[in-house]
Amino acid sequence: MIRAVMGAGPRTGTSWTMHRLAKAGLPVHHSESLSAIMPPEGNPQGYYECYPADLLNYENTIAKVWPITAQPAIIEKMVVLYRDRTTQLASIERQLTRERTLLEAAGIDWTAEEHLDHSLLALEPLLGIPHLAIRTEELDERISDITNYLRY
């Protein structure tokens, strides 16, 4: 079982949260190779992405998990980050511009709204997993709550 940091769509502060958890000494898992292909302007401190299949081999670790690729049976509990929709869509749009080449290579041509709506739809059945819901706008003042909730 793992503990997860999950965004209600992209651009909610999941990478920032993972960075802070790592700095706090918590056991975070991510793939350096995935971060290496992402545009650094989007997350200068790293993306903290991981391959979903890798998580089957891990226990007692914290990983950033996307609702669309989540495997509920391996998630013990999670933090779910929510953001103001208008602000989030603007941020997704900027990131889509940065990731255009990667997305085209993967055959993904969703709009910002489609990215967000697909993610929200996939998140809904996962909310039965014990979780702490946090607004992105409150991350600075709630990071200790997140750290304590996910600590092993």
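This is a predicted model: local features need pLDDT of at least 70, side-chain atom pairs count only at pLDDT 80 or more; totals for chains, interfaces and linings use all residues.
**Entry: the overall count**
I searched the whole structure and found six salt bridges. I picked out some of them to look up one by one.

**Entry: Glu49 and Lys64**
I looked up Glu49 and saw that its salt-bridge partner is Lys64, with 2.9 Å between the closest N and O atoms. This pair links distant parts of the chain, since the two residues are 15 apart. I placed Glu49 in the loop between helix H2 and strand S3, and Lys64 in strand S3 itself. Next I asked myself: is Lys64 buried or exposed? Lys64 is buried, at a relative accessible area of 3%. Glu49 counts as buried too, because its relative accessibility is 13% and the cut-off for buried is under 20%.

**Entry: Arg85 and Asp117**
Then I turned to Arg85, which forms a salt bridge with Asp117; their closest N and O atoms are 3.0 Å apart. Here helix H3, holding Arg85, is linked to helix H5, holding Asp117, across 32 residues of chain. I noted Arg85 as partly exposed at 34% relative accessibility, and Asp117 as partly exposed at 36%.

**Entry: Asp145 and Arg142**
Which helix holds both Asp145 and Arg142? I found them in helix H6, three residues apart, or about one turn of the helix. Asp145 is partly exposed at 32% relative accessibility, and Arg142 is partly exposed at 22%.

Definitions and conventions. Residues are numbered from 1 along each chain as its sequence is written. Side-chain values use heavy atoms; hydrogens and water are left out. A salt bridge is a side-chain nitrogen of Lys or Arg within 4 Å of a carboxyl oxygen of Asp or Glu. Helices (H or I, at least four residues) and strands (E, at least two) are DSSP runs, numbered from the N terminus. Buried means under 20% relative accessible area, exposed over 50%, partly exposed in between (1.4 Å probe, protein chains only).
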